[in-house]
Amino acid sequence: MSTHETPHEKVARLAKLRRDGGVLRDYRSPRYDEPFIMEQGTPGERGVFVPLAEEAVTQAVGEAADYIPEGMTRAAAPVLPEMAQYQVMRHYLRYAQMTLGMDLGSDISEGTCTMKYSPKMHEELIRGHKAADLHPWQDEDTMQGLLEIVYETGQYLKSISGMDAFTLQPGGGSHAVYTNACVMRRYFEAKGELDQRDEMITTIFSHPCDAATPKVAGFKVITVMPDDNGYPDLEAFKTAVSEKTVGCMITNPEDTGIYNPQIDKYVEVLHDAGALAFTDQANANGILGFARARDAGFDACHFNLHKTFSSPHGCEGPASGAYMVTDELAPYLPVPVVTKVGDKFHLDYDRPESIGRVRGFLGNWMCVIRAYAWIRNLGPEGLKEVAEISVLNNNYLDNLLMAVKGVSRPYAEGHRRLDQVRYSLQQLKEDTGVGTEALRDRMVDFGIQSYWMSHHPWVVPEPFTPEPCETYSKDDLDEWAAVIKKGSDESYADAAFVLDAPHAQPIDQMLRTEAMEEHDQWAFTWRAYQKKIRGAT
Amino acid sequence: MGDTPFVHPYIPNSVPATKQTMLDELGLSSVEEIYAEIPERLRFKGTLDIPSAIRSERELRKHVQGLLDKNTSAVDFMNFCGAGCWQHHVPAVVDEIINRAEFVSAYCGGDYSDLGKYLTRFEFNSMLGELLDFDAVANPIYDWGDVAGRSFRMARRITGRDKVLAPAHVSPMRLMEMRTLCQPEAMPTSTKIRFYEWDRESGMVDLEDLEAKLDDSIAAVYWENPTYLGTIEAQGAEIARLAHEHGALAIAGVDPITLGVLAPPGSLGADIACGDIQPLGMHMHAGGGCSGFIAFRDEDPAFAQECPLELYTVMETKTPGQYAVGEAMAERTSYGSRDQGKDWVGTASGLWTIAAAVYMALMGPQGFKEVGETCIARSHYAARLLGEIPGVRIRLSPSFFKEFVVDFSETGKTVAEINEKLLGHEIFGGKDLSSEFPELGQSALYCVTEYYDQADIEKLASAVKEVTA
């Protein structure tokens, strides 16, 4: 190595080495050996003081206990920790440190999840009392700012989707998809066709909620499998559509990242049968400003504000699903709907055709505030740049991953993917015994978040699905591919070592997997564990 | 922006040289070649109708904060409204932990890389289980109304019966969510909600009416404690007994912050409990602080098997004494079995379970006892002062926890008029019940928690006296 190397040259050299699989991060997760909080503390310790009733209050009304009806007084105090404040804080800070999350974990890994950077300034906005300490039943005159943000965000999403109306009540993507099933149900109930139409069509590469939520709404679900090219089989789709069809709930691009170029034909088939078409746009990152659901004929679609529009994932929520519809379906949206009359914003409850509610109050509007700020920060050109770079990143990463031994990319040979790719490690598994789960548990030893494998069922065997959205730099992509290459190299050289992973995590390999399925072994709480496993009474 | 390349702080590869290097590696001249996958007829050719970018962080902050500053918060004004979302004190340590970048940014990372998230979830389940007196707590989802509806569906699957009984004074908003989940009654897989009466004097359920309506078609009897109208339901054990006599399940909807002083649903014989964890350390966020839980008995595995939410179990590792946490029976959920799963799960409110874990650990048994006593004492003090105002009457039972019904009918003014005038005193008045419960006249549901002290309550009383005069 040159003795004249400048710092800049050193960075470039290490980046190249990483990319070649030569040098990876020497990573060790924090390991605190921290006992459960239920095992900690000392009787009498306090974590926080709460206000006590003033003497004058007690003199006026007597003791609180006097107001509790007979038999309703708690007999034994709850067995909760008794722990001082610093010790509680430290305990959870240690847990935080044993959580890689996205901010630390270069989370190209979790495909279908769009793990993009959530700007920190937005957190400042939503933590202030003007956002955090609003009561949902406040007079609408006292939350005009919030309503304006929600209304304007709705207008932007209308433009991005081509739709006419919106609701931001659903508390997540699947919740918005459920809302769609309920809106379609109400539409046909209003038309008097509900006893005739009871079948919803989805595809196997659409998110599981596209199958599960119409079932909850009371429909039979027909799942169309892919053809040889990975597209939903159009002939099978046509066969599935009949006078019994409510509609479809499908993703495009699907989990595979393949854009279905005939998507409008599927919609036509539905419309010809008097049915409706919904597209699940949880993964809209690659098509922002390039393709719109309405232009392919869809009647409804949704977005995940916590994926495409930067609201953080928060250990799986709070989240927000934006549900978008045409004018024809607008009367059925849940109440209240945010409207604008003159310069004033309203919560409109007077909607007799509405499905009612899918959620209490208004929605997870802290997510909407973040999405609003994000859209305003990027503007129309920026949104297209987001899409373009996420697609470029994905294809660049694809080029690197397809060079890794044991990795393959089923379906649609010769076609490029948009925002994500579903790969298979079937060859690696056959050659070495190391499958996708084992590789996932090894990759985290390099300080990279574990990848998303696939929704079930695994149509693609031994799957993994990265999604390198616009957040990630070329060096990040090089490093990520190098980690997969390293895992592959290790598997071919010493599979036992990989199968014994992880080696640099807060804990060692998990045992007692029977606890996941057996009644006498599972313990959903500490008290259940004491009774079942430790045999305490 | 013209021809200036768009290089954004959130998009490192928007640097033209980087983009070119990557395109070169792919043998492409532009990203447009990839977009050729979308046929021309489906391409959007217009410009998005979105205002041009506010690029600098300072100016964006000023713009959005300017909009938010149009709001009047429950810190600017005093707030005496609850009705499903309550203003309790949030300890600083709760916010410190849930604002940690690791927790804010984590998602579905694996058992090892996101271990701390899973350990916290298990601790949340364990501590909530102690409060509720249940061995099994599932991973929370959207909110109380949602989990109540899911509990009904769960009971339907366990018992094979298709009707549930709910008290007629159930929260109307929650009822709307339940109805959406239970499907229109004409549908063959619908769950039918039937109602039993409540006593207009005590606010408690009418046991005779419940007994009259119970038969072997009833999957479950649901009740709430405290009731939507604030009263403490003293007959929980009797409701559960009657339900069991008819082979039905007993489902309790509970506000968990009451459980330092009130008997937990497990001890009353409930089979399933549901409710909202928002009081346990969540800011209100205009209702975004809500998150619904389901807990149940674990003697019969059918409950876990029919539970629609994710379940996490404690596990062990190769190193003795080391714990891990894994998802149990994942096949049962929609992620495992799509439309063959139990209802569905999805991203909902994970960060709030972390907040609630920290809250429960900070409060401990003594904190929960004290917060309960303070809520009861101060809300009764407020009721006492308001009830002394001419024309103002406190309705229903004297046993309430933090919410109570204030009837303004005899003042000759509507709740809407009174609440509007209270804004002039920098006060958010109680929830207007006049359309939800017309039989209560011009009544409002007031909420007084430990957040507001004696002086605040006296200020409220004097303002109400002035605006009703």
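User: Where does Pro253(A) lie?
Analyst: In this predicted model, Pro253(A) is in the loop that runs between strand 4 (245-251) and helix 10 (263-272) of chain A.

User: And the peptide bond from Asn252(A) to Pro253(A), cis or trans?
Analyst: That bond is cis, and its omega is near -5 degrees. The peptide bond from His456(A) to Pro457(A) is cis as well, with omega near -5 degrees.

User: Where is Pro457(A), then?
Analyst: Pro457(A) sits in the loop between helix 13 (436-443) and strand 11 (463-464) of chain A.

User: What is phi for Ser310(A)?
Analyst: It is near 80 degrees, a positive value in a residue that is not glycine. Ser310(A) belongs to the loop between strand 6 (300-304) and strand 7 (321-325) of chain A.

User: Is Ser310(A) buried or exposed?
Analyst: Buried, because 24 other C-beta atoms lie within 10 Å of Ser310(A), and the cut-off for buried is 20 or more.

User: Val407(A) next. Which residues is it in contact with?
Analyst: Setting aside neighbours within four places in sequence, Val407(A) is in contact with Leu401(A), Met402(A), Tyr423(A) and Leu425(A). Val407(A) lies in the loop between helix 11 (365-401) and strand 10 (423-424) of chain A. With 23 C-beta neighbours inside 10 Å, Val407(A) counts as buried.

User: How far apart are Val407(A) and Glu462(A)?
Analyst: They are 55 residues apart in sequence, and their C-alpha atoms are 9.8 Å apart in space.

User: Stepping back, how many helices and strands are in chain A?
Analyst: Chain A has 15 helices and 12 strands. Its radius of gyration is 26 Å, close to the 24 Å that the globule rule gives for 537 residues, so chain A is as compact as a globular protein of that length. The C-alpha trace of chain A spans about 80 × 65 × 55 Å along its principal axes.

User: What share of chain A is buried?
Analyst: Buried residues are 61% of the 537 in chain A. On contacts, 74% of those between residues at least 6 apart in sequence join residues at least 24 apart.

User: Which domains does chain A have?
Analyst: The domain assignment gives domain 1 (125-376) and domain 2 (513-537). The C-alpha centres of these two domains of chain A lie 40 Å apart.

User: Now chain B. What span should helix 6 have?
Analyst: Helix 6 of chain B (residues 115-132) has 18 residues, so at 1.5 Å a residue it should span 26 Å; its end C-alpha atoms are 26 Å apart, which agrees. Of its 18 residues, 18 are buried.

User: What follows helix 6 of chain B?
Analyst: Asp133(B), with a positive phi near 65 degrees. Asp133(B) lies in the loop between helix 6 and strand 2 (136-137) of chain B. Asp133(B) counts as buried, with 23 C-beta neighbours inside 10 Å.

User: What does helix 13 of chain B span?
Analyst: Helix 13 (residues 350-387) of chain B spans only 41 Å between its end C-alpha atoms, while a straight helix of 38 residues would span 56 Å. Helix 13 of chain B has a kink of about 90 degrees at Gly364(B), shortly before the proline Pro365(B).

User: How many of its residues are buried?
Analyst: In helix 13 of chain B, 32 of the 38 residues are buried, so the helix is largely enclosed by the rest of the structure.

User: Which residues touch the most other members of the largest nonpolar core?
Analyst: Ala220(B), Val221(B), Ile251(B) and Val358(B), out of the 336 residues in that core. Helix 13 of chain B gives the most to this core, with 21 residues.

Notes
Residues are numbered from 1 along each chain as its sequence is written. Chains are lettered from A and ligands numbered from 1 in the order in which they are written. This is a predicted model: local features need pLDDT of at least 70, side-chain atom pairs count only at pLDDT 80 or more; totals for chains, interfaces and linings use all residues. Helices (H or I, at least four residues) and strands (E, at least two) are DSSP runs, numbered from the N terminus. The expected span of a helix is 1.5 Å times one less than its number of residues. A residue is buried if 20 or more other C-beta atoms lie within 10 Å of its own, exposed if 12 or fewer, and partly exposed in between; C-beta atoms are placed from the backbone. The bend at a residue is the angle between axes fitted to the seven residues ending there and the seven starting there. A nonpolar core is a set of buried Ala, Val, Leu, Ile, Met, Phe, Trp, Tyr and Cys residues joined through C-beta atoms within 7 Å. The radius of gyration is taken over C-alpha atoms; the globule rule is 2.2 Å times the number of residues to the power 0.38. Two residues are in contact if their C-beta atoms, placed from the backbone, lie within 7 Å. Domain bounds come from an automatic or database domain assignment.
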